[in-house]
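Visitor: Please show me the sequence and the model, and then take my questions one at a time.

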Amino acid sequence: MTHRSPTPANKKKLLLVLGMHRSGTSALTRGMQVVGAEFGGRFLDAQKDNPKGFWEDADLRNLHLEMFEALGMAWNRLTPLSPEEIRRLETLGYHKKAKQLLHSKMTKGEIHAFKHPRMAKLFPFWREVFETSEYDVLCVLAVRHPLSVAKSLATRDQIEKTYACLMWLSHVIPSLFVPEPSRAIVSDYDRLISDPSLEMKRIANRFGSSVDSDEMEEYKNDFLEADLRHSSHSLKDLEQDPELPGLVMEVYSGLLDLATDKIRMDDPESQIMFRQWAAKFDRSAPFLRLIETTTAERDHQAILLNSARNDLAWRDASLSWKLTEPLRQACTLKRKVFGPGRDSQKQ
């Protein structure tokens, strides 16, 4: 099959790493230095749940948080971004803010790399921004087995498996509709950890770039570690799990074909497949909203219960409560011996 040229002329290259939370996007983004990408200087600090660093631009993160707040969106929302929400963001001036941010970052280097998980969720908005920008937008879609993502989210955020896999769909599907499919590639996290040299060469070839051998050695030997992969699952694990919708396995199986170059993002068959996945997911929106509402109410009740427990624990540990315990015991004994007081009897 004939594919279009991967090299638009005279455009700065903007490389996006898209993916669901806990999908190896940080490790993959760090690897983009191997293919010549530059990053901004304002990174988020490393945290306990990501000791190697997030490789996320703080300004991009802040913009996304502001956009989520403007829409009243939670980070773990399941339902897709609606056309009405995209128009609202445009009305509120976020197209202009997004373009200004990109312009401020694209000052040096041939390729500038960006990554933030919320970009996948907001990608229908960003796609409109990119369509009117002057950049050659390259996209690397980070994919990790949904059950591995779910296990990581359960550890970090106590999110249930089924909910986590629906979140996975809600991030993966929107990010498939990239501005230029011939300039996009899917990278599987397990393959990256198993053979980073091969994966970086594969990505470089797609973008007409080259691999920096010194950067590659540093990436393999100093950054990547085998224990970055905490779990391993197969397609059969998804097929045999009765708690997961069939679309999870259908999408992951198709993404594996893309990650192994059995098919490409710009194949007509791939584009048809993406639209079918999106249509199926969109049809489930009423059920997703119900799940969100039920889960939010349950979480709210859990917060109230935990707060009550903390209040009781504080009360039981307080000095005044301990000092007045003999008086409370005396009052209890009096009621047992003499019965209710005069006021209680009148009632």
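Visitor: In which sense do strand E2 (residues 37-38) and E3 pair?
Guide: This is a predicted model, in which local features need pLDDT of at least 70 and side-chain atom pairs count only at pLDDT 80 or more, while totals for chains, interfaces and linings use all residues. Residues are numbered from 1 along each chain as its sequence is written, and side-chain values use heavy atoms, with hydrogens and water left out. Strands here are DSSP runs of E with at least two residues, helices are runs of H or I with at least four, both numbered from the N terminus, and two strands pair if DSSP finds at least two bridges between them. Ala37 stands opposite Ile111 in E3, and over two bridges the sense of E2 and E3 is parallel.

Visitor: What is the order of the strands in the open sheet?
Guide: Strand E1 (residues 12-18) pairs with E3 in the parallel sense over five bridges, with Lys13 opposite Ile111. E4 and E5 are also parallel, over five bridges, and Leu141 has Val186 in E5 as its bridge partner. The sheet has five strands with parallel pairing, in the order E2-E3-E1-E4-E5.

Visitor: Which are the edge strands?
Guide: The order of the open sheet is E2-E3-E1-E4-E5. A strand that pairs on one side only is an edge strand here, and these are E2 and strand E5 (184-188).

Visitor: How many residues of strand E3 (residues 111-115) are buried?
Guide: Buried means under 20% relative accessible area, exposed means over 50%, and partly exposed lies in between (1.4 Å probe, protein chains only). In a regular strand the side chains alternate between the two faces of the sheet. In E3, Ile111, Ala113 and Lys115 point one way, His112 and Phe114 point the other way, and all are buried. The count for E3 is five of five.

Visitor: Is Thr29 buried or exposed?
Guide: Thr29 is found in helix H1 (residues 25-31). Leaving out residues up to four places away in sequence, Thr29 touches Val17, Phe39, Trp55 and Lys115 (contact means heavy atoms within 4.5 Å). With a relative accessible area of 0%, Thr29 is buried.

Visitor: What distance separates the C-alpha atoms of Thr29 and Lys115?
Guide: Thr29 and Lys115 are 86 residues apart along the chain, and Lys115 is among the residues that Thr29 touches. Their C-alpha atoms are separated by 6.8 Å.

Visitor: Which residues have the most contacts inside the largest nonpolar core?
Guide: A nonpolar core is a set of buried Ala, Val, Leu, Ile, Met, Phe, Trp, Tyr and Cys residues joined through side-chain atoms within 4.5 Å. The largest one has 68 residues, and its largest share, nine residues, comes from H8. Apart from it lies another core of 27 residues, among them Val17, Leu192, Met200 and Tyr219. In the largest core, the residues with the most contacts are Leu16, Trp126 and Trp168.

Visitor: Which element supplies the largest share of the lining of the largest cavity?
Guide: On a 1 Å grid over the protein atoms alone, a cavity is a set of points where a 1.4 Å probe fits but cannot get out, a pocket is an open set with protein on both sides within 12 Å along at least five of seven lines, and lining residues have an atom within 4 Å of a point. The largest cavity holds about 40 Å³, and its lining is Leu18, Gly19, Leu141, Ala142, Val143, Val172, Ser175 and Leu255. The largest share, three residues, comes from E4.

Visitor: What is the volume of the second largest pocket?
Guide: Of the 14 residues that line this pocket, the closest to its centre are Pro80, Leu81, Pro124, Ala278 and Asp282. The largest share of the lining, three residues, comes from H14. A volume is the space filled by probe spheres set on the grid points, which are joined across faces, edges and corners. For the second largest pocket, the volume is about 290 Å³.
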